[in-house]
Every structure is written in C-alpha cells, then in structure tokens.
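Have the model open while you read.

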Amino acid sequence: MSTPLAKPQFYTFDASVWSTAPRLAIVELNYPKDAFDVKETVLLEGQNFAPSFVKLNPAATLPTLVDIQGDVLDNTTKVVKYLIANAPNAPQSWEPASPEIIEALHEDTIDPNDLLLNYSRNDEERKGKAGDVPGAYWKGRQAALEKYAASSPPELKSFYEKKIAYNSFYNNIYHGSPDEATLKDYYGKAAALWKAVGSFLTGPLPKYLSERKGPYFGGEKPGEVDFHAIAWLARVVTAAGGSIEKLEEAIGSKLDPSVSAYYEDWTKRESFKTLGIF
Ligand SMILES: N[C@@H](CCC(=O)N[C@@H](CS)C(=O)NCC(=O)O)C(=O)O
C-alpha cells in the first residue's frame, strides 16, 4: 500500500489544451490556491516522457492527477470528475446538460492538438509554425525522447521506440526536407481535419448548446461539460488565428450565433482572463 499524500498531485502545463479544463475547474469551483501539489510538466521539453511520469501514466499525457490515496487519474475526463466530486462548495446543479458532448469533444477526428501542433494547411503555415511553438514542441520532444531512450528501462523500450517514430515524422515535417508526396498527403490530412472541425462546429456543437438551461451547460454557472467545451473551443479559435472571424474563414462558413456567444461569454470570465486561456 502506498503512503497517503498530503495533497493531490496535479500534473499540468499552462499551454496544454486539455490541462485548461481542470485549471478552469479549480478556479471556478473555488478550490483554495494551495489545494494541490502542482507539478508543472513542460511539454515543449518533453518532460512528460520522463520514465517516472510514463510509469504513472502510460499514455504520458496531461492532465494527470494523483489523489491522496495514490490513485492515478490519467485523463481529462477523470480529472475534471474528481474536481467536481471534491469541490469545496457544492455547485448549484451537477447534472450536466448533454454529458455525451464530453466524449464528442475528445474524438480524435477533431483533436485541437492536431490542429495547432501536428498540422499545417500549406507551406506558408508550415514554415510559420516551424519557427514558432509547434516547431519548438516537436524539436524539444525529439531531444527528450532520444535522451530517455538511451537509458530506458527495458519495460519502456518499446514505448520510446514508438514515440520516436511518431515524433520524427512531425519533426521532419517542420525541420527536415519532406518530399512532395509526403507533403501532399500531409496537407490532405490537414484539410480533412479542418473539415471535421467545421462539421462539429456547425452541426453537433450548436445542437448541444441549444439544450443548455442557461448560458452554460452547467446552467447559470459553468459545470463539468463547460470545462471541456471551452478548453476545446478556445484552442480551436487559437489554431484558426485567434478570433471567431478567423475561425469562420478557416472552416469556410458562418458559425451559429450560439457558438460565438458561448465563446465570448467565457472570455469575459475572471477565470479565463486570469489563467490566460487560449
Ligand atoms: N485523451 C487524453 C488526451 C490528453 C492529451 O492529449 N494531452 C496533451 C496535452 S493537451 C499531451 O499530454 N500531449 C503530450 C503527448 O501526447 O505526448 C485526455 O483527455 O486526457
């Protein structure tokens, strides 16, 4: 049996889209500032690939929370549920409207990390990203993976091999000389990704929003679904260039006013502003 922890450990990174969901929940649910032992895990330096973290969460992803009994909550949905169940002030209503939206937002076909980090739609965007955060991300991870692989414990050997193969592809896209056929296929995938995001923004999202009982899925105040929804939406806006107008341009169609209003309402909240959500 493990020794109980004094505080839950919260593995997070400020620029991580899915860490945004619990970061907002912690503020909105009025957790005291020192409620968690915060383990900032710099994804741009591949700190999530440290063997100690991979042993904790075999997917090596953020957010991750270790509760005081030592149980590991290894994805966003579990972490947000934990935060709601243990919130210092019970919220008004914990029956979220449209709970199935949480799964929908986490579908691989509309992954906001793919939009911002993995994919670019053309040479210009790819070159811009190469000199910016995405370029630094793939490069930093590559260096970390190679370092950790060199002294890997046997049970993590195949983990590092697979991650290096995956990472090398994107590292080459941004920092190498990908051939024409590779780029053609890659830009095709980027276009399909944006198309899927556009379909979600103009189909399921407004439908889910129409089922709310207030400005938020949680009612008058944000609740479980909202923490996932705004994390996803804010990052998609950023990936499109930082505004609703740019997003409309990127998907080639107008957004339902409920989508823009939902986004704008969130941007006015103290939590969103203080945490610098994007
Ligand atoms: N399905 C997972 C996805 C989490 C995820 O993709 N997290 C990103 C940060 S936003 C991450 O840790 N990426 C690093 C990696 O995949 O190596 C969840 O909901 O927790």
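Helix 1 and helix 3 are roughly parallel to each other, because angles under 35 degrees count as roughly parallel. Their axes come within 9 Å and cross at roughly 5°; axes here are lines fitted to C-alpha atoms over the stretch in contact, with angles running from 0 to 180 degrees between N-to-C directions. On the helix 1 side, Trp18, Ala21, Pro22, Ala25 and Ile26 meet Thr76, Val79, Val80 and Leu83 of helix 3 (contact: C-beta atoms, placed from the backbone, within 7 Å). By class, that contact has eight nonpolar residues, one polar and no charged ones. Nonpolar covers Ala, Val, Leu, Ile, Met, Phe, Trp, Tyr, Cys and Pro, charged covers Asp, Glu, Lys and Arg, and the others, Gly among them, are polar.

A quick caveat: this is a predicted model, with local features needing pLDDT of at least 70 and side-chain atom pairs counting only at pLDDT 80 or more, while totals for chains, interfaces and linings use all residues. Numbering starts from 1 along each chain as its sequence is written. Helices (H or I, at least four residues) and strands (E, at least two) are DSSP runs, numbered from the N terminus.

For helix lengths, the expected span is 1.5 Å times one less than the number of residues:

| Helix | Residues | First-to-last C-alpha | Expected |
|---|---|---|---|
| Helix 1 | 17-28 | 17 Å | 16 Å |
| Helix 9 | 180-202 | 33 Å | 33 Å |

Back to helix 1: eleven of its twelve residues are buried, where buried takes 20 or more other C-beta atoms within 10 Å of a residue's own, all placed from the backbone. What covers them includes strand 1 (9-12), helix 5 (112-118) and helix 11 (224-240). Just after helix 1, asparagine 30 takes a positive phi of about 60°.

Helix 1 also gives the largest share of the shell around the ligand, three residues. The ligand is surrounded by 13 residues, the closest being Ser16, Trp18, Thr61, Asn75 and Thr76 (near means a C-beta atom, placed from the backbone, within 6 Å). The shell has five nonpolar, eight polar and no charged residues.

In helix 9, the buried residues are Leu193, Trp194, Val197, Phe200 and Leu201. They pack against helices including helix 10 (204-210) and helix 12 (244-251).

Elsewhere, helix 6 (residues 123-130) and helix 8 (residues 157-175) have axes that come within 8 Å and cross at roughly 105°. Helix 6 and helix 8 are therefore roughly perpendicular to each other, a label for 65 to 115 degrees. Their contact has three nonpolar, one polar and two charged residues.

Conventions: Contact = placed C-beta atoms within 7 Å. Parallel < 35°, antiparallel > 145°, perpendicular 65-115°, else oblique.
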